[in-house]
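Visitor: I would like to learn to read this model feature by feature. Where do we begin?

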Amino acid sequence: MSQVQYYLALVAGGVSLIGLGFALAFGSQDQAVPVTIFLGLGTLSLLRLALPLGLWADGALALLGSMALLGGLGAAVPAPAFFWLALVAAWLFAWLFIERLSHVLAPGIVDSAGLGLLIPLVFGLSILAIWEVVTRGAGVPQVILPPPSMIGMRILASAGTLWADFQQTFLKAVLIGYGLGCGLGFAAAILIDRSPFLKAGLLPLSNLVSALPIVGVAPIMVMWFGFGWPSKAAIVVIMTFFPMLVNSVAGLNAASAIERDLMQTYAASSWQTLMKLRLPAAGPFIFNALKINSTLALIGAIVAEFFGTPIVGMGFRISTEVGRMNVDMVWAEIAVAAVAGSVFYAGVTLIERRVTFWHPSVRGA
Amino acid sequence: MSRAFPILVVLLASLALWYAAAIGLNAPWQRDVYGRAGLKDVPFGQFVADTWNQDKPVMPTPHQVAAEVWKATMLVAPNKPRSLLFHAWVTFSATALGFGLGSLLGIGLAILIVHNEAMNRSLMPWIVASQTIPILALAPLIVVIGFNIFTGTLGIPTDPARLMSKAIISAYLSFFPVAVGMVKGLRSPEPIQLDLLHTYNARPWQVFWKLRWPSSVPFLFASLKVGVVASLVGAIVGELPTGAVAGLGARLLAGSYYSQTTQIWAALAVASILAALLVAAVGLVEKLVNRAMGARPA
């Protein structure tokens, strides 16, 4: 074990020991039993100073600890001291587990995709578990931060509303605006590609515009196109147009001179050169823009709804429910938006891997 | 000159397009006005001039926006709420505070990630995934709740509390580009350079200060430029939710409530100028740092 791991193991065992002392002295409720067992096992892990303990044992300890903690929630608010010590111990065991696992994986000894995925998964799950235990154990007012379980219940309970909002914001405003904006940006790039004059004039300005806070045009678009989804789609079009234009133009110049010369020796027309050489070479750039735009589109549509909507839509729901202090509903919307954004991004990435399979960044992975 | 000429032509063309669009978009209202006044056969020149100079146009013309910006910055005392300089200052202070916090956080995270394999494997996928989440959607939540915590629990007066809750969003938006860019930058030294320092028996912190940090500077400034604009967007959006009375975002919202189109466009223009100034400032610092580090002018 490295130095960091050694100290981690020592502190984790020590915290368990102190927690065990507290639990035996003050813990009386039945729910405290699993937590006490976890603390006892954690204390026993100190024996590793004498005989080595596998990394999976640490993982199992962390899992057991979080299960015991989640099961013991709600017995007393705020939770007693040994409960918090157990939380710290479980977190330390999870950290130790990740630390050891990544050391095993680093040289590529046991490298398989499943284990590599395990580490971020453990990290995410521990964040969720700590969130749940801290908010419910310490009795944090749900207006400030609702526990994840409550958000989950809210998602299930208001699935209908969430679906209607999702339909309004994502399926209409985002997808249509994204398609139009990316399509127009690409078409504009193809058009100005022929003219060096236009390229020299438009590119610096487009670069400037893509650095501006375009979200600010939202109120203007709402004024022009009304409260419905077309105004949101219009903002998405404006936000996605410039990144697409800039990236496509850069991509169309990506084919090297020697490759163009080759096409010339084949007597290829400019159309053929475009279709067979320059468009495929522009693929990585275009997909880069598509990926940037997939997040921009969602942000644009949601923020635009802060300026006025019909009574449906994710941005509308977020701003009104914040005003009514229904924070769990806000978090539910954000969870939906996060999942939608991630799936959208992942979808674009998947298509990218199919289309630009020849690119080093895809081949290497 | 040869580089400026095409830009100038495109700029003039977009101005012309803007004026043309203003005629089209403002025409229906202007016809209404003429209809009510009983005017018929208004000469076309008069009609065009009127569409360009309405009080509450659908599409204000560039000279109207410029006049509004001039009026709201130069002719009003800068400490009055009617001055755009006042609002720009409010937004700028939140942006600067958030940008500073976010950059420090991003750099710190990047250092952790580069030096610890467990951090790298557990944090990096989440940092990338969080890019796909519409973080701005959190803005109203963070502003309202942060404001309540700061004023209620911590007993901070309202103005600094408002500033801090907006700065949190700015920091949140600007730390991603900085963290990702710095991870790339701190890993940019070639293995052969790392090996050289190894042969010198350099300590890890010496490797960091003498090799990794200097070689990450170009990446740092590239991501700072992205981050500063993200902070500005965060501060503006942070001013949208109810409660904000000052700042460019509040100005946008007020303009949209009262259909003051010219006011919206003026606020937008000031926001764009602010963004350009911020990026230019980062660029200036970059130049100074490069010179101090002995870089030869390219």
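Guide: With secondary structure. Helices (H or I, at least four residues) and strands (E, at least two) are DSSP runs, numbered from the N terminus. Read along the sequence, chain B runs α-α-α-α-α-α-α-α-α-α-α. That is 11 helices and zero strands.

Visitor: What should I know about the model and its labels?

Guide: This is a predicted model: local features need pLDDT of at least 70, side-chain atom pairs count only at pLDDT 80 or more, and totals for chains, interfaces and linings use all residues. Residues are numbered from 1 along each chain as its sequence is written, while chains are lettered from A and ligands numbered from 1 in the order in which they are written.

Visitor: What radius of gyration does chain B have beside that of a compact globule?

Guide: The radius is taken over C-alpha atoms, and the globule rule is 2.2 Å times the number of residues to the power 0.38. For 298 residues a compact globule would come near 19 Å, but chain B has 25 Å. Its C-alpha atoms fill a box of roughly 90 × 60 × 35 Å along the principal axes.

Visitor: How are the domains of chain B laid out?

Guide: Domain bounds come from an automatic or database domain assignment. For chain B it gives domain 1 (4-59) and domain 2 (84-292). Their C-alpha centres lie 40 Å apart.

Visitor: How many residues does each chain give to the contact between A and B?

Guide: Two residues are in contact if their C-beta atoms, placed from the backbone, lie within 7 Å. Chain B gives 44 residues and chain A gives 46. On the chain B side, H5(B) has the largest share, eight residues. That side divides into 32 nonpolar, nine polar and three charged residues. Here Ala, Val, Leu, Ile, Met, Phe, Trp, Tyr, Cys and Pro count as nonpolar, Asp, Glu, Lys and Arg as charged, and the others, Gly among them, as polar.

Visitor: Is H10(A) mostly covered or uncovered?

Guide: A residue is buried if 20 or more other C-beta atoms lie within 10 Å of its own, exposed if 12 or fewer, and partly exposed in between; C-beta atoms are placed from the backbone. H10(A) is mostly covered, with 22 of its 24 residues buried.

Visitor: Where is the kink in H10(A)?

Guide: The bend at a residue is the angle between axes fitted to the seven residues ending there and the seven starting there. In H10(A) a kink of about 25° lies at A:Phe241, shortly before the proline A:Pro243.
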